[in-house]
Every structure is written in C-alpha cells, then in structure tokens.
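The following report describes selected features of one protein model. Please consult the sequence and structure alongside the text.

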Amino acid sequence: MDISRVDLNLLVYLDVLLRERNVTKAANHLGITQPAMSNGLRRLRDLFGDPLLVRTSEGMTATERATELQPLVRSILSDIEQAVHEKTAFAAMESQRVFRIMASDYAESCLMPRVLRRIRQEAPHVTLDVLTPSDVSFLDVEQGRLDMAINRFDKIPQSFHQKTLWTEYFACLMNARNPILKEPFTLDTYLDASHIWVSKTGFGVGVGVNPKDVQRLGWVDEALSLMGRKRQISVFTRHYQVAMLLAEQHDLIATLPCRAAWLQKDNANLVVKVPPFEIPPFELKMAWSPLLQHNTDHQWLRKLIAEVAEEVDAEFAPFGAQFESTGVPGIRHSER
C-alpha cells in the first residue's frame, strides 16, 4: 500500500467510530454529517478490506480486525497530536484547569487531602474533581475523560501508563475496650471475634456480597482460606472510614490497610494490632491514558502526586515497619 495515497483523516474517523460504535454519534462528535461519516466508513472498509463494524442485536459490533486496529490507531493519532502541538509549560499559578481523579475510599483518605493541600499552594485556581470507582470505567480512563485513576488494580489494560505509589500491608483496628485484648492476640482469638469487611474496590458499579464466596471477599479472606480457616463477618461496608467508625463503637475488628489504621494512631479509643497471620501486601497505583502521557498539565499532576506519596511514605515508615512481613517477597516500585 502506498501510504501517500491514504487519507489520514480516515484514521480519525476510525478512532471515533470504534469508540462510539454508532455512525450518527461519531458524526456528531466530529461535527460532520451522517452521510459523510457513512462514506468515511465505506472508504475505511475498502482500505482495510474488512467490514470493521457489523450490525448485531446489540448494535454496531467491532470485528476482530477492528479490535486489533483500535489501540494502533489510538497510538498513531496520539503521536501525531504530540508532533504538531507546540509543547508549552504548565502555568500552575494561572491555570483554571479541572483535574478529574478517581480514587478509592482508601486512597481518598490517605492521599488526597495532602494532594489537595499541595494543589492549593501551587495552583490555587485549579479545581479537583474526585470520583469513586463506581463512577467510572476503564474506557473513561482510556479515552482521557478521566485524568487519573488511583487504586489497587487486579488487572489493568496494557496500553495504560502506571506508577506504583507505595506498597501496603494490613493492620487490625479495634476498640480499646474490646474483650479480645484481655488475651494474647492469636489466630484463634482473631477468629473467635466478629469482623468488619471492607470492599476491595475496583471499577464499575458494586453489587451485593455473598459471604460464602471467598474468592470475591478479597485479600484477608483469601489468606485465611489458604489456611483452611474462615472469619465471622458481621458487617459489610464499602468505606474504610465507616469501618474505622464501627470498630471504634463496637466489639468488632476491622482488618484494613496500614495507612488507613495509621490515620487513627492518636485515637485513644482504638488499638492497632499486627494481624496474627500472613496477608499478602498490595500496591497502590496511579494509572492514566496514553493520550495524556505527553500532556504538560498532566505531567505536572503526576509529578505532584508522586511527590506527595513519597512524603506520606516517609512519614508513615516508623509506624508501618511493624507490619511489614518478611515472609512475602518485596514488591518493586515501577513506572511504565
């Protein structure tokens, strides 16, 4: 194929068509007529020798060839945009930009207050819009509608860029008058108590929990299951702040990330204990779209968040050292 004979505008059409899966919506997005977009789709089909989008009972569905092309086209257009736009420094003090960040309840409690403080100092006119995991999808991140996702991820699309902010272990939080504290804190006494379960948050709308489905209950219960043990869960919640409040008011144990427990270190009504069994740590990461990788505004935000995370990590270290397990291999901090 002679690339000089290819209309590169067709790649823009294809990018939008594969996002919208609808000719009319794609035409509206680009500000062209529906017949013009239909003609563009016809030319794309001729160019690639493939129907690309096929009408099914669920609407327009991408073919296997179109699915293969989508990340390639997205990458090509991103590189072209980077090449033709003049790179200017982010003027933090003057900027009125809105940054949209998805943060889990845990990340929102442990990280975002300090991030906001830094933003207020360095970019006082910038607005921060913090969303929950159930508000967004991976597609929102991929298409750049969301600047950043900060969470613990089981899986993440390979096209995303990501950076580990810190490695997190677990702690047990309970009322200072909890009867369990009258005995040595062992696995047996832990299992004799009643517990608060906190969601391992991800993308998408949450659903009800089945207490018998250990694989979906998360880190703590999976670790117990490997030992053939099970805890008695009395309360299920999706919010770490609620879990800490319930632990303070009742004879319940909340097993949660150490930095969440650290927030309560000066609360005389609560006691923090090292879990009496091995719970694998997890990584808190920030992830973003390849479309934003070279954006100077976004580069400023990423740098600021990473610096704040380092500050939190350093301040937390003396408290957190007691929870770090020697039995679990260390997790390397990385960025890609």
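Contact here means heavy atoms within 4.5 Å. The model is predicted, so local features need pLDDT of at least 70 and side-chain atom pairs count only at pLDDT 80 or more, while totals for chains, interfaces and linings use all residues. Residues are numbered from 1 along each chain as its sequence is written, and side-chain values use heavy atoms, with hydrogens and water left out.

Gln143 lies in the loop between helix 7 (138-142) and strand 5 (148-151); helices (H or I, at least four residues) and strands (E, at least two) are DSSP runs, numbered from the N terminus. With a relative accessibility of 14%, Gln143 counts as buried, a class defined as under 20% relative accessible area, against over 50% for exposed and partly exposed in between (1.4 Å probe, protein chains only). Apart from neighbours within four places in sequence, Gln143 is in contact with Arg19, Arg74 and Leu291. Its side chain also makes a polar contact of 2.3 Å with the side chain of Arg145. Such a contact is a pair of N or O atoms within 3.5 Å; within protein, one must be able to donate a hydrogen and the other to accept it, and residues adjacent in sequence count only if both atoms are side-chain atoms.

**Strand pairing**

Two strands pair if DSSP finds at least two bridges between them.

| Strands | Sense | Bridges | Opposite residues |
|---|---|---|---|
| 3 (98-103) and 4 (127-131) | parallel | five | Phe99 and Leu128 |
| 3 and 5 | parallel | three | Met102 and Ala149 |
| 8 (194-198) and 10 (252-257) | parallel | three | His195 and Ile253 |

**Helix packing**

Helix 2 (residues 23-30) packs against helix 3 (residues 34-48) at an angle of about 110°, with the axes 8 Å apart. Axes are lines fitted to C-alpha atoms, for helices over the stretch in contact, and angles run from 0 to 180 degrees between N-to-C directions. The two helices are therefore roughly perpendicular, the term for 65 to 115 degrees. Val23, Thr24, Ala26, Ala27 and Leu30 of helix 2 meet Gln34, Met37, Ser38 and Leu41 of helix 3.

Conventions
Angles under 35 degrees count as roughly parallel, over 145 as roughly antiparallel, 65 to 115 as roughly perpendicular and the rest as oblique.
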